[in-house]
Each structure stands twice: as C-alpha cells, then as structure tokens.
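Please find below my notes on the model.

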Amino acid sequence: MHLRLDGYGDRKCLNNAEYMRAFMVGLARIAGMTVVNGPNIHDFAQGEPSQHGLTAFTMIAESHMVAHTWPERGRTASEGWMSLDLYSCKEFDGEKARQYAIASFGLEALTWDDLDRNRGGPPVLDGGLWVPPDGAAVV
C-alpha cells in the first residue's frame, strides 16, 4: 500500500526538525510499522530562503516513509507546503495515517492517494527469467 499526501500546514511545525522527528515516529506507530533506521532529517536552512525546509526519511521493515516540506511556499505567512509518502508491503489504515498527519500539521487543501502496490506480489525468478504473476516471462 502507498499513501501519498500533499497539503498546506503550520509553517512552524513544517520547519521544526525535532517536531518532524516526533511526527515520523508517531506515524510509524499509528500505521503499525517497525522502524529500522531513522527518522533521518535533513534541514535545508542553509540554502536559499525560498528553498528552506526539511526532508525526513524513515526506513521501516515494511519499506519506507518520507516527508518533504517547503515552509516558504504557503498561501499565507503562517503556512507552508508538505508532501508525505508512506510506502509499505504491509496493509495499514490509510485514513488513520492521513488523519494523524492532518492533526499534526493542521493540513488543509489536501490531495491524497491510497495506492495498492501489492497487486499479485512481486515477480519470481524462474530459470533466470523474471516471471510476473500473469505468467509472461521477462528477460
């Protein structure tokens, strides 16, 4: 399953590395995921003012979670933009994860997708050929 979410939220929260770290840990907990590494946060505060923001990456046993923020790209002076991805081979409650993000950052004007990435499972190796679930061999 793959949750993608974009929206406007509280600028101070979107530009706070410690707040983002706590959010990512909480998101993993809410989604029932196992953190393997991270959250790792990169703060772009040293760059151009129009390009400030954070990238947060958390490796989970089930795949990964990543958030990108652009605090300077809000509709008002008190908000910024956020993009969030939670990608997992394990099913999770996308609505619960979405509501957690909304509550954590005061997100508005959202767009999101819940994508099923587990359709039939990954291809299997058979005699040197990749064989997808539909049986068509790929060299």
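1. Tyr19, Phe23, Tyr100 and Phe105 form a cluster that is linked by ring pairs. The coordinates behind this and every other point come from a predicted model. In total, four aromatic pairs are present in the structure.

2. A pair of aromatic rings is described by the distance of the centres and the angle of the planes. On the pair of Tyr8 and Trp81, the centres are 4.7 Å apart and the planes lie at 70°; planes over 60 degrees apart count as edge-to-face, so this pair is edge-to-face. Tyr8 belongs to strand E1 and Trp81 to strand E5 (residues 79-88), so the pair links distant parts of the chain, 73 residues apart. Trp81 counts as partly exposed because its relative accessibility is 23%.

3. For Phe23 and Tyr100, the ring centres are 5.1 Å apart and the planes are at 5°, so the pair is stacked. This pair also links distant parts of the chain: Phe23 sits in helix H2 (residues 17-31), Tyr100 in helix H3 (residues 94-105), and 77 residues separate them. Are these two residues buried or exposed? Both Phe23 and Tyr100 are buried.

4. Strand E1 covers residues 2-10 and includes His2. With a relative accessibility of 9%, His2 counts as buried, because the cut-off for buried is under 20%. The His2 side chain makes a polar contact with the side chain of Asp85, at 2.9 Å.

5. On the overall fold, the protein has three helices and eight strands. Read from the N terminus, the order of elements is β-α-α-β-β-β-β-α-β-β-β.

6. How much of the protein is buried? Of its 139 residues, 35% are buried. The accessible surface of the protein is about 7,700 Å², and carbon and sulfur atoms account for 54% of that surface.

7. As for contacts along the chain, consider those between residues at least 6 apart in sequence: 61% of them join residues at least 24 apart.

Definitions and conventions. Residues numbered from 1 in each chain as written. Predicted model: local features only at pLDDT ≥ 70, side-chain atom pairs only at ≥ 80, totals over all residues. Heavy atoms only, no water. Helix = DSSP H or I, 4+ residues; strand = E, 2+ residues; numbered from the N terminus. Buried < 20%, exposed > 50% of the residue type's maximum accessible area, 1.4 Å probe, protein only. Polar contact = N/O pair within 3.5 Å; in protein donor to acceptor, adjacent residues only side chain to side chain. Contact = heavy atoms within 4.5 Å. Areas by Shrake-Rupley, 256 points an atom, 1.4 Å probe, with all protein chains shown as cover. Phe/Tyr/Trp six-rings, centres within 6.5 Å; stacked < 30°, edge-to-face > 60°.
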